[in-house]
Amino acid sequence: MITLDIASKAVSEPDGSQRILFENLRFDMSPDVTSTALLGRSGSGKTTLLRILAGLDIHFEGTYCYRGQRLSQNVDAMARLRRDEIGYITQENTLLPDRTVTENVLLGLRSTPPLRSKAADQLTRVGLAGFGARRAGKLSGGEAQRVAIARALIREPRLVLADEPTGALDEATECDILDVVAELADSGVHFVIATHSGSVAQRCQRQLEIRDQKLTLAEHPVTSTAADQLCGCKSHSRSTVAVAKAVIPAS
């Protein structure tokens with residue numbers, strides 16, 4: 001599905017100097033791997049790697065192949081990739097607090113005529129049926145992150161990139177979010193999740209670590225089937241997630 005070879009990637013330091021972040025780094029993701037945890041210390045480049053996968057950072061030496069096609073490293077080509085294939089979730093859910101939940105979810109459609117029924121379907125999918133008319137500013141942290149997931153999914157992407165999606169949540173809410181991700185992974189959505197959380201990593205099908213400018217298998221990988229690890233919180237979940245056929249958007 002993805003083959004990314006980065007010969008070199010440099011970043012600018014506050015003093016203006018350049019630091020090599022990646023050197024001879026390779027990221028592969030086959031269609032049968034539906035969840036990958038991306039680990040590494042702060043500053044190792046997890047967010048940068050997600051941004052490269054999303055086409056938000058094209059300033060690197062190397063090649064990027066997606067579904068067998070080599071991608072051009074230009075703004076327009078990468079914008080098409082995000083529009084058609086990729087959803088993106090951040091730790092800060094970036095919802096507009098004065099807008100309704102439905103209005104926030106529909107922001108993911110952009111050029112597509114907004115369809116409130118599509119927003120309702122995605123909200124049901126992440127366990128928020130009936131929340132559409134609520135103001136985003138009135139939601140709990142876990143509810144807001146579910147809305148962010150629904151917004152990322154509304155254009156039906158094949159791949160969702162998540163940057164510390166549970167980093168600001170308590171343990172119980174993290175479990176709820178992981179249950180949502182598990183259901184989506186089981187329906188065919190592919191996830192790459194950058195995280196510092198061991199519990200998040202252990203529930204992913206594969207764990208990779210950025211170390212010494214390269215990407216390697218984590219030292220203590222956890223092996224199991226795609227959604228089984230992510231469903232590890234299921235017994236503690238406070239919500240039931242209704243899942244239909246994979247409907248994944250690109251933001």
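Start at Phe131: the charged end of Arg134 sits over its ring, 3.9 Å from the ring centre. Bear in mind as you look that this is a predicted model. There's another arrangement of this kind at Phe27, where the ring has the charged end of Arg206 over it, at 5.6 Å from the centre. And how many aromatic pairs are there? The count comes to zero.

Now on to the helices. Pick out H5, residues 141-153, and H6, residues 171-186; their axes are 9 Å apart, and the two pack at an angle of about 20°. Since angles under 35 degrees count as roughly parallel, H5 is roughly parallel to H6. The crossing as H5 passes H6 is right-handed. On the H5 side, the residues that meet H6 are Gly142, Gln145, Arg146, Ile149 and Leu153. Their counterparts in H6 are Thr173, Asp176, Ile177, Val180 and Leu184.

Helix H4 covers residues 116-125, and its axis comes within 9 Å of that of H5, with the two crossing at roughly 130°. So what do we call that? The angle makes H4 oblique to H5. Here again the crossing is right-handed. From H4, the contact draws on Gln122, Leu123 and Arg125, while H5 supplies Val147, Ala150 and Leu153. That set divides into four nonpolar residues, one polar and one charged.

One residue to look at again before you leave is Leu153: this H5 residue is part of the contact with H4, and it also figures among the H5 residues that meet H6.

How values were computed: Residues are numbered from 1 along each chain as its sequence is written. This is a predicted model: local features need pLDDT of at least 70, side-chain atom pairs count only at pLDDT 80 or more; totals for chains, interfaces and linings use all residues. Side-chain values use heavy atoms; hydrogens and water are left out. Axes are lines fitted to C-alpha atoms, for helices over the stretch in contact, and angles run from 0 to 180 degrees between N-to-C directions. Helices (H or I, at least four residues) and strands (E, at least two) are DSSP runs, numbered from the N terminus. Angles under 35 degrees count as roughly parallel, over 145 as roughly antiparallel, 65 to 115 as roughly perpendicular and the rest as oblique. A crossing is left-handed if the near helix is turned anticlockwise from the far one by less than a right angle, and right-handed if clockwise. Contact means heavy atoms within 4.5 Å. Rings of Phe, Tyr and Trp (its six-membered ring) pair if their centres lie within 6.5 Å; planes under 30 degrees apart count as stacked, over 60 as edge-to-face and the rest as tilted. A charge sits over a ring if NZ of Lys or CZ of Arg is within 6 Å of the ring centre and within 35 degrees of the ring normal. Ala, Val, Leu, Ile, Met, Phe, Trp, Tyr, Cys and Pro count as nonpolar, Asp, Glu, Lys and Arg as charged, and the others, Gly among them, as polar.
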